[in-house]
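Please read them with the structure open beside you.

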Amino acid sequence: MTDDTKPRIDFDPSIRTPEMEMAEVGAGVPDAADLKLTDLNPANPHLFKEDRWHDHFARLRAEDPVHLNEIETAGRYWSITKYDDVRAVDGDWQTFSSAQGMTLGLRPDPDRPNPLVQITPFIAMDPPEHTAQRKTVRSVSAPSNLRNLEPLIRERTVAVLDSLPEGETFDWVDTVSIELTTLLLATLFDFPLEDRRKLTRWSDIVFAVPGSGGVVETQQQKIEELMECVTYFEGLWEERRGGDGTDLVSMLANGEATKDMPTISHLGNLLLLIVGGNDTTRNTMTGSVYGLNKYPDQYDKLTADPGLISTFVPEIIRWQTPLSYMRRTATKDCTIRDKQILEGDQVLMWYISANRDEDVFVDAERIDLDRSNADRQLAFGYGIHFCMGSRLAELQLRILWEEVLARFERIELQAEPERTLSSFVHGYTKLPVTVTRR
Ligand code: HEM
């Protein structure tokens, strides 16, 4: 391949993204009560790193449920924080388009290329393109696929749990959550198992904030590593083109709506599936251990009656909400409650806040295995972009807890978790625990 034909991303490394701008503000965000209402900015990634978002969203829901911020890199964006409003926005794709991106984005600038436009995944499209591409991979969550995968997921879960050290502190994030979700993702892609941690790495860097002490130093490094991902998948792509494989790479390489796309354009869909299938379930697995340690009475209840796993799964997905928000962009001037939204404004649907809305979920901060409406949670979104992997994620969580309860008296927290610096991925980087076998 010559340099001219090599896939590349046109990209200006000096671009500062909104998350970089907000990360620069630094740690130590004041309590919500000590800020002027107009100064609340729920997209500040430090709020999540420090686990301080709870009272910020509670105040917004109570006093300013449709809240405007404006920052240099992103321009105007609205935060929607009440359950009914989030559902209404998510359900109206004609007014609130996905086609300008799914996370808080750069202020449009015709003089500077935006690298993301070349690698748009179908989550960042509207019908009819979205409908056609979504169809290409829809069988990933088909009941027959889930039935086929269940024995393999169980076998791997058992192997990972049986290998855990006893009487010794270890990191649940790396040893269990990352290992299990990456193994499954490698299976879905039919990706070489020995290289599976590359999937973890690519997933981690997609939403990493460069230069903030996290996993990448610069935007340049981030783009270079993502290009390694493209090159790697290109090899798999070529091997499988024209074949009848049922893995995700074959589905995209041979799907009617995707087979003729240029290589670089596949990066978007690949990253969507890598992140979609990785960070989300991984952070919910970690959240499930952390959450039950925070509410030990609920842990006792689950241990006494493993039948409650079926209500625990939607409840823990609500409680964790591993993707805090999704973005839409207004296609016309409109109003939400009494606020005037202008065409082109970004609109952030904060699932994490909707899932703590006391008007819908009583005592919403608590994990409650008797909650009757946990399955109304919005962590998988709502409407035409509703998560394609929801059933798969629920299956993984169910099997994990069936096997955990079968072999461990307790998984005990040894220290508070370390958390991800991101307002989009709501997750953990470390959770030290010990296990006691039955
Ligand atoms: C879309 C959450 C697991 C694949 C989404 C959306 C959310 C979400 C919020 C966007 C909804 C919207 O814009 O309205 C989650 C959560 C998960 C999870 C909370 C786990 C607990 C997975 C898994 C996969 C996956 C395991 C794949 C193997 C996708 C795809 C989309 C999507 C492909 C795009 C759908 C579209 O645009 O039509 N997910 N996800 N997700 N998710 Fe998930």
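1. Helix 14 and helix 16 cross in a right-handed sense, in what should be read throughout as a predicted model. The axes of helix 14 (residues 309-320) and helix 16 come within 10 Å and cross at roughly 125°, and the two helices are therefore oblique to each other. On the side of helix 14 the contact is made by I309, F312, V313 and I317, which meet E394, L397, R398, W401, E402 and L405 of helix 16. Sorted by class, the residues of this contact comprise seven nonpolar and three charged, with no polar residue.

2. How many donors does the protein give to the iron atom of the ligand? There is a single one, the SG atom of C387, placed 2.3 Å from the iron.

3. A second open sheet has five strands in the order 1-2-8-5-3, and here the pairing is mixed. Its edges are formed by strand 1 (66-71) and strand 3 (96-97), each of which pairs on one side only. Inside the sheet, strand 5 (residues 325-330) and strand 8 (residues 346-350) run antiparallel and are joined by five bridges; R327, for example, has L348 of strand 8 as its bridge partner. Helix 4 (residues 83-90) packs on this sheet, where it touches strand 1, strand 2 (75-80), strand 3, strand 5 and strand 8, and the direction of helix 4 makes about 125° with that of strand 8.

4. Another helix pair deserves a look, namely helix 8 (residues 196-206) and helix 9 (residues 219-240), whose axes come within 10 Å and cross at roughly 140°. That angle makes helix 8 oblique to helix 9; the limit for calling a pair roughly antiparallel is over 145 degrees. The crossing of helix 8 with helix 9 is left-handed. From helix 8 the residues K198, L199, R201, W202, I205 and V206 take part, and they meet Q221, K222, E225, L226, E228, C229, Y232 and F233 in helix 9. By class, this contact has eight nonpolar, one polar and five charged residues.

5. Which form does the peptide bond from P127 to P128 take, cis or trans? The bond is cis, with omega near 5°, and P128 is located in the loop between strand 3 and helix 5 (129-136). The other detail concerns D51, a residue other than glycine whose phi is positive, near 55°; D51 is placed in the loop between helix 2 (45-49) and helix 3 (53-63).

How values were computed
Residues numbered from 1 in each chain as written. Predicted model: local features only at pLDDT ≥ 70, side-chain atom pairs only at ≥ 80, totals over all residues. Heavy atoms only, no water. Donors = N, O, S within 2.8 Å, 3.2 Å for Na, K, Ca; no water. Axes fitted to C-alpha atoms, helices over the stretch in contact; angles between N-to-C directions. Helix = DSSP H or I, 4+ residues; strand = E, 2+ residues; numbered from the N terminus. Parallel < 35°, antiparallel > 145°, perpendicular 65-115°, else oblique. Left-handed = near helix turned anticlockwise from the far one by under 90°. Contact = heavy atoms within 4.5 Å. Nonpolar A, V, L, I, M, F, W, Y, C, P; charged D, E, K, R; others polar. Pairing = 2+ DSSP bridges.
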